[in-house]
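This report considers a strand arrangement and a set of charged side-chain pairs. Please keep the sequence and the structure in view while reading.

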Amino acid sequence: MTTNNIHNLARTDDVVIVGGGLAGLFCALKLAPRPVTLISAAPLGHGASSAWAQGGIAAAMAEGDTPEAHAADTVAVGGGLVDAAIALGIAREAAPRIHDLLAYGVPFDRDLDGRLAVGREAAHSARRIVHVRGDGAGAAIIAALSEAVRRTPSIRLIEGFVAEALLTEDGAVTGLQLREAGNPAARPLVLASRAVVLATGGLGHLYAVTTNPPEASGSGLAIAARAGAVIADPEFVQFHPTAIMVGRDPAPLATEALRGEGATLINGNGERFMSARHPLAELAPRDIVARGVFAEIAAGRGAFLDARQALGARFATRFPAVHASCIAAGIDPAAQPIPIAPAAHYHMGGIAVDARGRSSIDGLWAAGEVSSTGAHGANRLASNSLLEAVVYAARIADDIAGRTVFPPARLPDALVTPRTGTLDGAEVKRLRAMMSAHVGVIRDGDGLAEAVRHFARLAREAGHGVLGNIEISALLVAVAAWTRRESRGAHFRSDHPAENPALAQRTMTTLAATREVAESLDEHKRPRIAQPMIA
């Protein structure tokens, strides 16, 4: 059932899911026939990072491959911070979740014998990535699930609204405050519920160069943090090394599968540069490749993805989405190298959740990129994100199904968020530039301190609302990056370029602790550095 008459939903016994990406859609379907209200900022099929995913889903389903090998690859890439038990559990649940997606109508590629076709991506020891038409997995999955959601009578769909505040009482969720998307001056609306699932995606659009849609601005992370939720590993942001630099925002993505098929990375002189940086060359972990690309650009040599020999005339049929992006920009990838740069792509951090997807706030679950499960550690293995999203969406549905009755929620006496007026586009642009400059691929203490002071001041001045949530998310990332005085996984500090074994622990923090560090920096005092805590 689809409706946009949200004014009739002030009080509901529904489970409320925020987010129209893979995790939100899959969780809603798995909860059927239990009543669900699904809130999506954009019309279904639009505005979700998962819809843009080109790589596919990692699943050890081919002959000779095992979940144990998949989990081992995940641990190897994660910079010593992956929860090995969580990684193995996710890998073992891959096959049933792939079969669920097939049942919902996802047309995964098959080989000539009718078996699921699998490809290889960076840092995987086997071919285990299931695709749709080469580079169209995300769009195909979201299209199939969106259609299934619209056909499901127990799902009430509300499009065009964002959650800007999480309502709590005595440490438990009581509801959400919503506002019309793109209209920060609109009157806030309150939806009472004791069961909320946040599946709002990541925060890539906090950066000036990103592959993420504008909706990925950290709103779910911020509203959970404001409500007191524990936040895990916010410093770890993965930069995809091969965003196509053709002046578009977001930047189109040249899928990692291109390198899996033999495409190489060259500089403006036509020289391959990754072979000297890592034994796996172009198939090294993403953080290493991203820094290699970044270094060539910083040195003025530029960076390019060269698929002329590996694919040539087969490019258009093997990778139609990438081909279309290149052709639209006047580049023929069969005959020309593609200009690239690293772009904010995936946030390994997020709302800390347990193996059932439960946050530290009673009645609040989180799934997908907004959450942090421990599966990715300091650096996500390619194509593990969509798998994690469906595994945790299913787990959350099972967990909620086991709680047959929730206590009735009541509406608050007053709204928690005043009207905020017009969103300052110029301020957002400055914030994104500062995130890329100081909290990006390569970081250092002075730049991070400058960013922390800037974001802390903005957050104090902006208060609540859309802009305030953007600034809170930026502050969480910057403070955690300043605090982690080492380089690990996707987090690289030029002033602390080595790993520190004493810091081989996940970061667990709160907004209150983050603000304490920011205030001490702002006052030019020597800040107290909170040690990361084990999850």
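In what order do the four strands of the open sheet stand? In this predicted model, the order is E18-E16-E11-E19, and the pairing is mixed. Strand E18 (371-372) and strand E19 (508-509) lie at the edges with a single partner strand each, so one side of each has no neighbour in the sheet. Helix H6 (residues 219-226) packs on the sheet, where it touches strand E11 (231-232) and E16. The direction of helix H6 makes about 40° with that of E16.

Strand E16 (residues 350-352) and E18 run parallel and are joined by two bridges. Within this pair of strands, Ala-352 stands opposite Ser-372 in E18.

The second topic is the salt bridges. How many of them does a search of the whole structure find? The search finds 32 salt bridges.

| Salt bridge | N to O distance |
|---|---|
| Asp-100 and Lys-30 | 2.9 Å |
| Asp-65 and Arg-128 | 2.8 Å |
| Arg-272 and Glu-282 | 2.6 Å |

The side chains of Asp-100 and Lys-30 meet in a salt bridge. This pair links distant parts of the chain: Asp-100 belongs to helix H4 (residues 94-103) and Lys-30 to helix H1 (residues 22-31), 70 residues apart. Asp-100 is buried, because its relative accessible area of 16% is under 20%. Lys-30, in contrast, counts as partly exposed at 29% relative accessibility.

Asp-65 lies in the loop between strand E3 (57-58) and helix H2 (67-77), and Arg-128 in the loop between strand E4 (118-119) and strand E5 (129-130), so the pair ties together parts that are 63 residues apart in sequence.

Arg-272 forms a salt bridge with Glu-282. Both residues lie in the loop between strand E13 (264-267) and helix H8 (286-298), so this pair ties together parts that are 10 residues apart in sequence. Arg-272 counts as partly exposed at 47% relative accessibility, whereas Glu-282 is buried with a relative accessible area of 4%.

Finally, salt bridges that share partners join Lys-30, Glu-93, Arg-97, Asp-100 and Arg-395 into one network.

Key:
Residues are numbered from 1 along each chain as its sequence is written. This is a predicted model: local features need pLDDT of at least 70, side-chain atom pairs count only at pLDDT 80 or more; totals for chains, interfaces and linings use all residues. Side-chain values use heavy atoms; hydrogens and water are left out. Two strands pair if DSSP finds at least two bridges between them. Contact means heavy atoms within 4.5 Å. Axes are lines fitted to C-alpha atoms, for helices over the stretch in contact, and angles run from 0 to 180 degrees between N-to-C directions. A salt bridge is a side-chain nitrogen of Lys or Arg within 4 Å of a carboxyl oxygen of Asp or Glu. Buried means under 20% relative accessible area, exposed over 50%, partly exposed in between (1.4 Å probe, protein chains only).
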